[in-house]
Amino acid sequence: MDLNFINDLDLINALKKGDSKAYTFLVNNYHHKLCMYAFSLTNNHDLSEDIVQNVFMSVWKNKHKLKDDF
């Protein structure tokens, strides 16, 4: 499944509408990078994975609060 969004605003608007494909795109494109960043701060692989999972869960849970005016 090749998902693509033209820009961040399109992605944010799709997320705000509850588009599960947008969420899949977000996870597929940012999970690894965020895990690497979290690991650089924690030096703990499992904790890094947990932090990133919590971030994605929070994004989905609070998708209606995402700001699209940047």
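A polar contact is a pair of N or O atoms within 3.5 Å; within protein, one must be able to donate a hydrogen and the other to accept it, and residues adjacent in sequence count only if both atoms are side-chain atoms. Helices (H or I, at least four residues) and strands (E, at least two) are DSSP runs, numbered from the N terminus. This is a predicted model, in which local features need pLDDT of at least 70 and side-chain atom pairs count only at pLDDT 80 or more, while totals for chains, interfaces and linings use all residues. Residues are numbered from 1 along each chain as its sequence is written, and side-chain values use heavy atoms, with hydrogens and water left out.

Q: What makes Asn 7 a cap of helix 1?
A: A side-chain oxygen of Asn 7 lies 3.1 Å from the backbone nitrogen of Leu 9, at the N-terminal end of helix 1.

Q: How many helices and strands does the protein have?
A: There are 3 helices and 0 strands, and from the N terminus on the order is α-α-α.

Q: Why is Ala 14 called buried?
A: Buried means under 20% relative accessible area, exposed over 50%, and partly exposed in between (1.4 Å probe, protein chains only). Ala 14, in helix 1, has a relative accessible area of 11%, so Ala 14 is buried.

Q: What does Ala 14 touch, not counting residues up to four places away in sequence?
A: Contact means heavy atoms within 4.5 Å. By that rule Ala 14 touches Phe 5, Asp 19 and Ala 22. The C-alpha atoms of Ala 14 and Lys 63 are separated by 9.5 Å, though the two residues are 49 apart along the chain.

Q: Why are the buried residues of helix 1 said to line one face?
A: The buried residues of helix 1 are Leu 11, Ile 12, Ala 14 and Leu 15. Seen down the axis of helix 1, they fall within an arc of 165°, so they line one face. The arc is that of the directions from the helix axis to the C-beta atoms. These buried residues pack against helix 2 and helix 3.

Q: Is Met 36 buried or exposed, and why?
A: Met 36 has 51% relative accessibility, so Met 36 counts as exposed. Met 36 belongs to helix 2.

Q: Why is Asn 43 called exposed?
A: Asn 43 has a relative accessible area of 63%, so Asn 43 is exposed. Asn 43 sits in the loop between helix 2 and helix 3. Its phi is near 55°, a positive value in a residue other than glycine. Most residues other than glycine have a negative phi.

Q: What makes a set of residues a nonpolar core, and which residues form the largest one?
A: A nonpolar core is a set of buried Ala, Val, Leu, Ile, Met, Phe, Trp, Tyr and Cys residues joined through side-chain atoms within 4.5 Å. The largest has 11 residues: Phe 5, Leu 11, Ala 14, Leu 15, Ala 22, Phe 25, Leu 26, Cys 35, Ala 38, Val 52 and Phe 56. Helix 1 (8-16), helix 2 (20-42) and helix 3 (45-61) each give two or more residues to this core. Helix 2 gives the largest share, 5 residues.

Q: How do you know that the length of helix 3 agrees with its number of residues?
A: The expected span of a helix is 1.5 Å times one less than its number of residues. The 17 residues of helix 3 should therefore span 24 Å, and its end C-alpha atoms are 24 Å apart, which agrees.

Q: Which residues of helix 3 are buried, and why are they said to line one face?
A: Ser 48, Val 52 and Phe 56 are buried. Seen down the axis of helix 3, its buried residues fall within an arc of 70°, so they line one face. Their cover includes helix 2. The face turned away from the buried side carries the exposed residues Asp 46 and Lys 61.

Q: Why is Ser 48 called buried?
A: Ser 48 has a relative accessible area of 1%, so Ser 48 is buried. The side chain of Ser 48 reaches the backbone nitrogen of Phe 39 at 3.0 Å. Leaving aside neighbours within four places in sequence, Ser 48 is in contact with Cys 35, Ala 38, Phe 39 and Thr 42.
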